[in-house]
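Welcome! Please take a look at the sequence and the model below, and then walk through the points that follow with the picture beside you.

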Amino acid sequence: NMSLAQYFLVFLAALVGGSYGTVFGGGSFMTLPVLFISGIDPRIAVGTNRFGTVGMTLSSFSVYHKNKHIHWATAKILIPFYLAGTIIGAFLLGKIDGEWIKRMVSWMILVLAFFDLFFYKKTLIHENAKPSFVKQVSGSVVMMFIGTYSMIISASAGTMLVLTLIHLFGLNAKNAISTRPGITLMGNIVGAALVIYQGFVD
């Protein structure tokens, strides 16, 4: 059982990570380490974190959809690929060792923190561009991988998704960020339902 201080730390990490994730994506890199430190099984930590992202995704989706900021022409192509990836990832989660997940999350946080610190702003593009057919096909495959990754390791999956929309689908930074919840909402709901079914939500 967690202490009161641990509950408060988890709440604080969820609040900060959720706020960051709603705007930029990738808030799991804040919440997962705290869940690990609190002694929660890594698979349950990932599953619980995935369940928590549903509310965050719904919130950002409602705002961006209401203001007509979601680029639906791109989102409609990618929703099935992300959804397929989350289903694959949800079932793989139950078959992967928890300690391996913890190590991978730790390494990915370090790698992506370094990337965010030194390179992220340089990768942002502020004008839309028409993507080639090859880029769209490659991006669809990448999107399925991101869906799978989001269910197993999760850390900064939102950042990866935004960069994919920018560099493989030609969206500018603003459109990529606002289109993200349009792509991930269905996958996050189905993924959350699957981790609950498997008993990976605490």
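The largest nonpolar core has 42 residues, and those with the most contacts inside it are L32, V105, M143, Y149, L161, L165 and I183. Seven helices each supply at least two residues of this core: α2 (28-37), α3, α4 (72-93), α5, α7 (133-152), α8 and α9 (173-197). Keep in mind that this is a predicted model.

- Helix α8 runs over residues 157-169, which makes 13 residues.
- From its first C-alpha to its last, α8 reaches 17 Å, close to the 18 Å expected at 1.5 Å a residue.
- Is α8 mostly covered or mostly open? It is mostly covered, with 11 of its 13 residues buried.
- Those buried residues are A157, G158, T159, M160, L161, V162, L163, T164, L165, I166 and F169.
- Two residues on that list, L161 and L165, are also among those with the most contacts inside the largest nonpolar core.
- Leaving out residues up to four places away in sequence, L165 touches T74, L78, M143, G170, L171, A176, T179, R180 and I183.
- Two of these partners, M143 and I183, likewise belong to the residues with the most contacts in the core.
- After α8 comes G170, whose phi is positive, near 75°.

- Helix α3 covers residues 42-66 and has 25 residues.
- Its reach from first C-alpha to last is 36 Å, close to the 36 Å expected at 1.5 Å a residue.
- At the start of α3, a side-chain oxygen of D41 comes to within 2.8 Å of the backbone nitrogen of R43.
- The side chains of D41 and R43 also meet in a salt bridge (3.7 Å, N to O).
- Just after α3, K68 takes a positive phi of about 55°, although K68 is not a glycine.
- Where does K68 sit? Its place is in the loop between α3 and α4.
- K68 is exposed, with a relative accessible area of 76%.

**Salt bridges**

- How many salt bridges does a search of the whole structure find? The search finds two.
- As a general idea, side chains of opposite charge can pair when their charged atoms come close.
- D41 is partly exposed at a relative accessible area of 32%, and R43 is partly exposed at 23%.
- Another salt bridge joins the side chains of E99 and K102 (3.9 Å, N to O).
- E99 and K102 are three residues apart in helix α5 (residues 98-118), so about one helical turn separates them.
- An α-helix has 3.6 residues a turn, so residues three or four places apart point the same way.
- E99 is partly exposed, with a relative accessible area of 39%, and K102 is partly exposed too, at 26%.

**Aromatic pairs**

- The structure holds two aromatic pairs.
- In one of them, the rings of F61 and W72 have their centres 6.1 Å apart and their planes at 75°, so this pair is edge-to-face.
- F61 lies in helix α3 and W72 in helix α4, so the pair ties together parts that are 11 residues apart in sequence.
- F61 counts as buried at 18% relative accessibility, while W72 is partly exposed, with a relative accessible area of 30%.
- The rings of F145 and Y149 have their centres 6.1 Å apart and their planes at 35°, so that pair is tilted.
- F145 and Y149 both lie in helix α7, four residues apart, about one turn of the helix.
- Which of these two residues is buried and which is exposed? F145 counts as exposed at 52% relative accessibility, whereas Y149 counts as buried at 6%.

**A threonine in helix α7**

- T148 has its place in helix α7 and is buried, with a relative accessible area of 14%.
- What does the side chain of T148 reach? It reaches the backbone oxygen of G85, at 3.0 Å.
- Not counting residues up to four places away in sequence, T148 touches G85, T86, I88, G89 and L92.

How values were computed. Residues are numbered from 1 along each chain as its sequence is written. This is a predicted model: local features need pLDDT of at least 70, side-chain atom pairs count only at pLDDT 80 or more; totals for chains, interfaces and linings use all residues. Side-chain values use heavy atoms; hydrogens and water are left out. The expected span of a helix is 1.5 Å times one less than its number of residues. A polar contact is a pair of N or O atoms within 3.5 Å; within protein, one must be able to donate a hydrogen and the other to accept it, and residues adjacent in sequence count only if both atoms are side-chain atoms. A salt bridge is a side-chain nitrogen of Lys or Arg within 4 Å of a carboxyl oxygen of Asp or Glu. Buried means under 20% relative accessible area, exposed over 50%, partly exposed in between (1.4 Å probe, protein chains only). A nonpolar core is a set of buried Ala, Val, Leu, Ile, Met, Phe, Trp, Tyr and Cys residues joined through side-chain atoms within 4.5 Å. Contact means heavy atoms within 4.5 Å. Rings of Phe, Tyr and Trp (its six-membered ring) pair if their centres lie within 6.5 Å; planes under 30 degrees apart count as stacked, over 60 as edge-to-face and the rest as tilted.
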